[in-house]
Amino acid sequence: MHPSRRGLPARLLLTLLIGTASVLIGGSAATAADPPSVPCPFISLADSAERAAAVFTGEVTSSTRLEKPSDERGAYFIAEVEVTSVYRGRIESTMVEVRTETTPRECSLGELVLDTPYVFFVSSGDPYIAQSDGGTRVADAEVVLKLERLLGQGRDPVPPEPEKAEFTPVATSEPPTLSRAVAPGLAVALLGVLGLVLMRGISRRR
């Protein structure tokens, strides 16, 4: 048999081994990467509102990713939110920060979509924290209508300034001075004294 034909099975075997090793190595790398998070179970607006410290609607204007500590998986996201209406809680600013997170293989709210209105159900903090299973969701017309039925009309994030009372000046005459106030009484007293003097003078002449 020709030498090249005798070497063919060996070369073919080597090729198969290299290919198999590549597949195995590639598979191991894919397995080692963080798997995606999973959707969160449904929670009603009523349950979300009951668990939340504050409820408001707002639009995401920016988002920043922050890595979690080395012993935790996933990442945090800090969203800048322009508040439109407040339904519960002490939200007294038009701009607030809300933290969300993503965790592999767990229910995760993840990074919020820019220029998108949301209904936020948050716990207190700086920034506010929107738990992944807390019910924060996109604020479409149906969601907002149900929210208003549940919690009533929302208020502005910054209460309007109270109207200042306006006083209309009333034209009045200047108060009399002390001398002018006392003068009429003094004149009467003098007239009384003069009258007595005249009466005594007349009596003596008689």
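Analyst: Buried means under 20% relative accessible area, exposed over 50%, and partly exposed in between, using a 1.4 Å probe and protein chains only. By that scale Cys107, at 24% relative accessibility, counts as partly exposed, and Cys40 is partly exposed too, with a relative accessible area of 27%. This is a predicted model, in which local features need pLDDT of at least 70 and side-chain atom pairs count only at pLDDT 80 or more, while totals for chains, interfaces and linings use all residues. Residues are numbered from 1 along each chain as its sequence is written, and side-chain values use heavy atoms, with hydrogens and water left out.

User: Which residues form a disulfide?

Analyst: A disulfide is a covalent bond between the sulfur atoms of two cysteines, and here the term is applied to a pair of cysteine sulfur atoms within 2.5 Å. The structure holds one disulfide, formed by Cys40 and Cys107 with their sulfur atoms 1.9 Å apart. The link of Cys40 and Cys107 is right-handed, with 95° about the S-S bond.

User: What is the order of the strands in the open sheet?

Analyst: Strands of a sheet pair through backbone hydrogen bonds, either parallel or antiparallel. Strands are DSSP runs (E, at least two residues), numbered from the N terminus, and two of them pair if DSSP finds at least two bridges between them. The open sheet has six strands in the order S5-S3-S2-S1-S4-S6, with mixed pairing; its edge strands, S5 (128-129) and S6 (137-138), each pair on one side only. S3 and S5 run parallel and are joined by two bridges, and Val98 has Tyr128 in S5 as its bridge partner.

Conventions. Helix = DSSP H or I, 4+ residues; strand = E, 2+ residues; numbered from the N terminus.
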